[in-house]
Every structure is written in C-alpha cells, then in structure tokens.
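Subject: Handover of a model

Hello,

Here is the model for you to take over. My notes follow it.

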Amino acid sequence: MSPLLTVEDLSIGFGRGDAVVSGVGFEVNEGQTLALVGESGSGKTVTCRAILRILPRTAQIRSGKVMLHGRSGGLSLTDLGERKMRAVRGDAVSMIFQEPMRSLSPLHRIGNQVSEVLWLHKRMSESAAKKIVLENFERVGFPDPERAYKSYPFELSGGMRQRAMIAMAMVSRPDLLIADEPTTALDVTTQAQVLGLINELKQETGMAVILVTHDLGVVANMAEQVVVMHKGRIMESGAAAPMLQAPAHPYTQQLFDAAPSIPANPEPAAPPGEDDLILQMKGVSKTYTMRAQSAWKPEVLIHACRGVDFSLPRGKTLAIVGESGSGKTTAARIALGAELPDRGGEVLFRANPQGAPIAVHSMNRAARTAFQKQAQMVFQDPYSSLSPRMRILDALTEPLEIHGIGSKSEQRDRAAAKLRQVGLNDDMLMRFPHAFSGGQRQRLSIARALMLEPSLLVCDEPTSALDVSVQEQILTLLEDIRDRLGLSYLFISHDLAVVARIADEVAVMRQGLVVEQAPPDTLFYDPVHPYTKALIAAQPTPDVDRPINLKLVAQGAGSADTWPDQFRFTDDEAPSLTQVQPGHKVRCHV
Amino acid sequence: MQILRYAIYRFGTMLLTLLVVSVMIFVIINLPPGDYLSNQIAELQATGQTSGVAKAEFLRTEFALDKPLWQQYLIWMGFMPGPHGFSGMIQGNFGWSFEFDLPVAEIVGDTLWLTVLVNLAAVLFVYLVALPLGVLAAARAKTWIDYTAALVGYLGLATPNFLLALILFYYGHKYLNLPIGGLMDPQFEGEPMTFEKMKSILVHLIVPTFVIGTSGTAAMMQRLRANLLDELGKPYVETAVAKGMAESKMLVKYPLRMAFNPFVADIGNLLPSMVSGSVLVSVVLGLQTIGPTLLTALKSQDQFLAGFVLMFVALLTLIGTMISDVLLVILDPRIRYEGREA
C-alpha cells in the first residue's frame, strides 16, 4: 500500500533569497500522525503550507513533489491546477491553525464559517449542511451546538474557538488533517483536551494527521512518526517511540535536554525556612467592577484575587502558576505596587534583613522611589517590551537617568557591565532592538531590569514567547544571576515544568484563589488538590510511557462543583487554605 | 428589534445635536458686529436716502432684529412668538433673504434638491469607482495593476478640481457633445418635472459628478487598498483559502467586509465636505447648488439665508452619521453585541 502523502525533495525560497526549506522529504501513512518538530525558523510551518500551496505570495516551491493518494486517487499536488487544488483544500486535506482567536472571521457566525466547507465542496443546501455541522459541533464537545452555530467567534473562549476550527476541518471528513501548532496559544488543560479530541477523531475516522509543533511533550502524546527540522533541513526522522527514547542526532538530543519536564520520580522536599522574608502579601484581594450594561442591572464584580497570602524568603524564588485569568499577573502587579489591593490587604517589603518592613501601598514619594529601585520587572514579550526606536544604550541607561544615578560615563560603564552579566557583548550597546533575536532581547530586558541593582525581580512569564532551547538558556541565566547577586524572584508562569526547575516554592492559582502551595518537588510527589492534579496530568512530557491522563484533567479543570466534596465551595465561599503538612498548603475542608 | 431600538435612540440624539448646532450657528453668524439691515441703514443714511431707511427700519421690526439676541434665536427657531406669531424653522418658515428680497424658501427651493442630487451622484461615483479599484489594487499589490491605479489616483488627487472641470467641459463638448455649465438646459428651469427635463439633468450631471468625485475617489481607493492589505495578512484569510474558497469570493466575503467599516463610518463626513468643498467647482461649472449661495449670504451677513443653509448642511451631516452608525451596527456584530454577556 502506498503512503497517503509523499513529500519528496521539497525546496522553498522567498523572493531571490536562499532556500528556507531544502531537500525535505517524508511520508505520511493512512491513519497515522506525523509530527513535524522544530523551533521557530526551522521551516516546519512553510513546509506544511507548501503541501496545500497556501504559501505567501513571495514564496515559491523551487523543487520537489508532493503526492497525495487519497479518496480521489493519486494526485500530484505540486503540479495541480489552481481550480483542482481548491477542490483538495478543505476537502481531502484540511488544516487548523495556531491562533484560534484570529483564524476565524470576527464578522461571520461560526455556523456559517463551518458550513461553508460543505457548501463549497459538497454543494449542499444550507439546511443539509447545518444538520451535519451540528453533529460535528456535538462531537467536538460544544455543550449547545445550536447556540454555537449562531455564535460569533468573539463570544467563545479560546478552547471553544479551537474546537470550532477542528469542527471546520473535520466536517468534510478529510483524508489528512494538517494541524499547525494547534495548541500553542491555549492553556495547558485546554491543550490536553484539544489534543485528546484530535486523537479520538483520528481513531474514529481513520484520517492521517500532520502535527506541527515545537513541543516534544506533545509529540510523545500524539505521534507515530517524527520529523525533526532545523534551519530548513531534516535532522532526523523515524518512528516516535524509539526516537524519543534514544535520539540519534545531536540536534534532537539538544532539543530533548532543553525541554523542561516535571520530574518522573519526585521526592518530597523539606519545607522552606521562613526567617528572612523580603516580600510578604497578607490577605490581598482585588475586585474589579465592570460597568453594567444598563442602569437597571447591578454592576458585575470580578474577583481577580481573593485573599492571597504569600511570603518570599530572601534569595529564593516563589512561583505563581495558573492559567489565563487565574489572577497571577494581578497578584504580581499588586506586589510591585502597580495596583492597589482592596481594603484589608497588605504588602510588606523588607529591603535588607535588618531593616523594618515597609508597606508597599502606603509609601510616601521618596520611599516609593527607593522601592522602585529595589523591585524591577521582566516582561513576557521581548519583542514588544523594548522600544524599537531606542538604542540599547539608551534603553539601559534610562532607569539610571530617571533616578539620577551616576554621570554619563558611569551609566555607560554600568550598561556595558550588565550586558556582559547577561551574556551579551558590550559592543552591542549602539544597536537597535531589531538587530537581536528573541532570546537576546529577553537578555536585554533582564539587563535593563538589573540596571538599578534591585533585590527583587518580578518575572512575568519571561520564557513563554521563546523557543525551548532559548528558554533553557534564559532559565539558566536567571538561576545564575539569582545565586550570584542574591536576588529574589516572584516568578509567574503557566508552565509547571518551567517552574519545576527554577522555583523554591510554587503557588497554584485558579480564579483568583491559591488552591495549593508547596515546594515543587512536594507538589509533584503528592499533589492533593484536583486542579493541581489536572495541571500536572495535562503537562505533556516527552516520554511515551507517561501519556496525558485526560480523566484527571477533565476532573480538575472543570468547574469547582465537580470536585470531590472536600474541595468544593459552600455557597460561593471557598474552603480555607489549610496546612496538610509542614510547608504544604491546600485549599480544602479538613 | 435591537437595531430598531438603536435607530430610534440615534434619531433622538440627532435631534438633540441639531438643536445644539442651531444655537452655535446662530451665535456664530451674529458674532460680527451689526447685521445686514443695520449695515444697509448706515449706508443709506450716509448717502441720504431716507425713504430706504424707513423700509429697512420696518424690516428690522418685522423680523424682530431689534429684539435681544436670545429672543431673536427663539423666534427664528419658532420656539417663541415673533411679530407674526409662531413662525420659525420648525413651523416651516425659513425666513427672509434681505440680499435677494425674497423668502429663503424660494431662493433655495430648487437648488436644495439639486445640491442633494449632485452630491449623491458624486458619492455614488466615489463608492462605485473606488471600491473595485481599491480591491483590485490590494489583491494585486505591487504589480503593474496596482501601480497604474495608484498613478491614476494620485493624478486625480493632484489636479485642481476647477482645472479638471474646464478641461472636461472643453473635451466633453468637443467630442461627446456634452453641455457646458448649469444643471439643465435653460428652457427647463422652473418647469415641472418631465422626462425631457430629467434627461437634460442627467446629461448635465456627468461632468460635475466626475469633477467633484475624482479626488474623493483617489483618496478612498488608497485607503481601501491599505486597509485591505492589512486584512489580507490576517490568519482568517488563510483559513478561508485553506477551506478551498476561490480568491475573488473569499476577498469579498471576509477581508473586504472587515476593511469596509471605516468607509461606512465615513458616509457622514462625506456629505458636508462635498457641499463646502464644491463651492469653487460650482462657481466654475455654473451649478445651481447651494454652495455659492452660502458664500454670498455669509459675505453680506444675510443671516436668515446663511443660517438656513448651514442648518441644512448640518442636517445632511447628522443624517449621514446616523445612517453610517446604524449601518455599522448591522454590519459588525462586535459593535452590536458590545457589553452582551458571553
């Protein structure tokens, strides 16, 4: 039997530039999943777009052949006329994309956009198409398909939009589904559910899947075959299981080593000592008021944080882990004094072990300026957090200028020193940000945060916009400067595996509440709260023997009413955070 | 249902705005010292024509110009009884033009709807020409089609309208036997509408429409192209292509609709700018539109005429914005459902 899809010697280039993909070839068998793995710029996305010939206008396929042996016999996709190619797109081969937020038209109803596939390819009437679409909606997990049919994309959550995308791709029962980083923009529990759905649909319909991803954990959970790409070339390809156990190519090995993972056999850790606290948050809540739609309806209150208590010992790292909307960023902003907590909350900061603690939110101007020097922030997106019109030197010395520290030459010397400290060269001072890669930019923003020689650094998802190998380097750098300079970190992340490595203590947040708090090893050894269990279970690990446990995910990530009795809310009142063991707190009834 | 409620609400705010505008118009017109009549009286006294003075004094009391300004306003609007009872704008009495010695309604009567006609034709022309050209320029960006469209567009923007008008009249008359000047043949003026008259008006409309419309067309085309190019880079376009849609169909259904919002929002601004912008053209082309009338009225402080014309332009603008607001709500669900619970 010939394979469903054969790609031979594919080369693609932009304009007159060098080829960005060269000599790529692989086969996809019926009913199998092939993972196309690589970091950004590896050519994996361009390759999968070339299969459907939906490349940007400036890109051309320079050589190679793509053969499809699907429902309509053998087709050479590279030679097909545009009209026949259109008949393949969305019918025999369909595709889902990375950003469900932006991949659907905001002006058209979901039902219309999904049905369109059937109108186009099966020439179905509107009502006949609707029947099939509703079935598909039900299959991909919409609780109310009729309602989803009538919804606009902005009325759905990210996970639901991606389900709509999947329904759109599945509605024509394709032979091959190309999924381009389908879960990268989603929360980890949603990712687990979406991946599970793709697997189920694959088994039901016998379609093949090409899964483009940078996450080896996803590969381990999904793929039978793997192709590893780097700089437009294939580094290694073959069956998934043996490759994941013993990668042959050094690049694959490198990817593996960089991939953060939750330790397989964790040991409980000793409870952290709590003697010298640099930062303490006591009973911090934050409630936002949404303006009501009309004068007759009450205002809507949003509880971003509810009774958060943290303490961060000097020189340690406290990580806050949670999904989008869990309140982790709000907590960090309050810790920095960027936002006022509700009445009754208090944030205490102690600049040095001897000094008296100062309350962050009732400081006078001078004390505030002093505090700002002590507490700095590293942002998530290194691409937008540096002004494109400022030279690196200016960006780095700006904080010094604001606080009036040093002469011009002293400022310059310090900027050069900080650049060296983060592993860059001081001859880069006169460059603009666009001359740097993502990883280098994140080093720059760390250098900028260090310019005032702070004692506390708040890192807001500092690695989530980066490739795994770069992420690994940035984490190493952060650990290194923490230990060298005696810094304390408040580290915000949605990724338990990243946190596993850097944190001394982890607080898991959900809907504004801390549900469990413990040192990471203890947390992985003995997770108590169902939501923590779900987060751990949803984390894809690059180990074929540890697949995602969807049951655990569904149980913990669902609404709080589905949790076991001891964790459930009584009349909207959450159980209190209880110490179950020294240094291990869980929100449950005792 | 929701849309109807919104339309009614918008209509209410429109009336309110119109009221505020009327106050502003009245105040601004009366800002320069004196009025038409006091100017005339001064002039007459200087030349010793006492009989004229009496008539002007009579007119002053007749039109309540001797009353305080706030009362003048209320009488003009018809909120307060004047020398002849309630007789203001809201009662349909638009006042008297001292300059022409005629009721305002008679002066503007014909030109009013001719103005609307010319401007509507120009707006239609702008949309009909700019839309397809802009879409084509965006879909074939950076090809000779795009460059040609841009060249023609910039030529349209750069050529002074009155110059274009003269050139078109000359060649239009020479080769196509198009009429020169006016909006209809002289024999139809003041005649009731007939098929012949309509035909005459339509033929006369060709050159003015073209002249008034070109610069607007060029500007709109370039903006549409830029907007559309932005939209074409968005992921939902890729989704549509991956679905197997044909390019032209996809363009119209998805990115064009997204790119179109600013143009719908623009309808309101288009109307007044055309009225005031086309004064020069109207003078050159000899069009009986309201633009030149407004100019003379403002110059001679003919306050009721100027006030009425300005009110009319304001009304056009407000109706235009109302239409575009309601259209936007129909076209864009994100605006429609703003604030609705998800």
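Conventions

This is a predicted model, in which local features need pLDDT of at least 70 and side-chain atom pairs count only at pLDDT 80 or more, while totals for chains, interfaces and linings use all residues. Residues are numbered from 1 along each chain as its sequence is written, and chains are lettered from A and ligands numbered from 1 in the order in which they are written.

Chain A overall

Chain A contains 20 helices and 22 strands (DSSP runs numbered from the N terminus: H or I of at least four residues for helices, E of at least two for strands). Its radius of gyration is 26 Å, which agrees with the value near 25 Å that a compact globule of 590 residues would have (taken over C-alpha atoms; the globule rule is 2.2 Å times the number of residues to the power 0.38). Along the principal axes, the C-alpha atoms of chain A fill a box of roughly 80 × 60 × 55 Å.

Of the 590 residues in chain A, 46% are buried (20 or more other C-beta atoms within 10 Å of the residue's own; exposed is 12 or fewer, partly exposed is in between, and C-beta atoms are placed from the backbone). Among contacts in chain A between residues at least 6 apart in sequence, 68% join residues at least 24 apart (a contact is a pair of C-beta atoms, placed from the backbone, within 7 Å).

Sheets of chain A

An open sheet of six strands runs in the order β6-β7-β8-β3-β9-β10, with mixed pairing (two strands pair if DSSP finds at least two bridges between them). The edges are β6 (93–96) and β10 (233–239) of chain A; each has a single partner strand, so one side of each is left without a neighbour in the sheet. On average, neighbouring strands of this sheet are turned by 15° against each other, direction ignored (angles run from 0 to 180 degrees between N-to-C directions, and axes are lines fitted to C-alpha atoms, for helices over the stretch in contact). Within the sheet, β3 (residues 33–37) and β9 (residues 225–230) of chain A run parallel and are joined by four bridges, with Val37(A) opposite Val228(A). Helix α6 (residues 158–170) of chain A packs on this sheet and touches β6 and β7 (176–180) of chain A, its direction making about 175° with that of β6(A).

Another open sheet, of four strands, has the order β12-β11-β14-β15 in chain A and antiparallel pairing. Its edge strands are β12 (300–313) and β15 (358–359) of chain A, each pairing on one side only. Four bridges link β11 (residues 277–290) to β14 (residues 346–349) of chain A in the antiparallel sense; Gln280(A) has Leu348(A) in β14(A) as its bridge partner. Helix α11 (residues 328–335) of chain A packs on the sheet and touches β11, β12 and β14 of chain A, at about 120° to the direction of β11(A).

β1 (residues 5–14) and β2 (residues 19–28) of chain A run antiparallel, joined by six bridges. They form a hairpin with four residues between them, and Gly15(A) in the turn has a positive phi of about 55°. Val7(A) stands opposite Phe26(A) in β2(A).

A helix pair and one residue

Helices α13 (residues 392–402) and α14 (residues 408–421) of chain A pack at about 115°, with axes 9 Å apart. Leu393(A), Leu396(A), Thr397(A) and Leu400(A) of α13(A) meet Gln411(A), Arg412(A), Arg414(A), Ala415(A) and Lys418(A) of α14(A).

Thr522(A) lies in helix α18 (residues 520–525) of chain A. Thr522(A) is buried, with 24 other C-beta atoms within 10 Å. Neighbours within four places in sequence aside, Thr522(A) is in contact with Pro268(A), Ala269(A), Gly583(A) and His584(A).

Chain B and the interface

In chain B, the axes of α5 (residues 104–139) and α14 (residues 303–331) come within 10 Å and cross at roughly 35°. The contact involves Val104(B), Ile107(B), Val108(B) and Leu112(B) of α5(B), and Phe304(B), Leu305(B), Phe308(B), Val309(B) and Phe312(B) of α14(B).

At the interface, 19 residues of chain B are in contact with 25 residues of chain A. On the chain B side, α9 (235–242), α11 (255–277) and α15 (333–336) each supply at least two residues, and α9(B) gives the largest share, six residues.

Regards

Note on methods:
Two residues are in contact if their C-beta atoms, placed from the backbone, lie within 7 Å.
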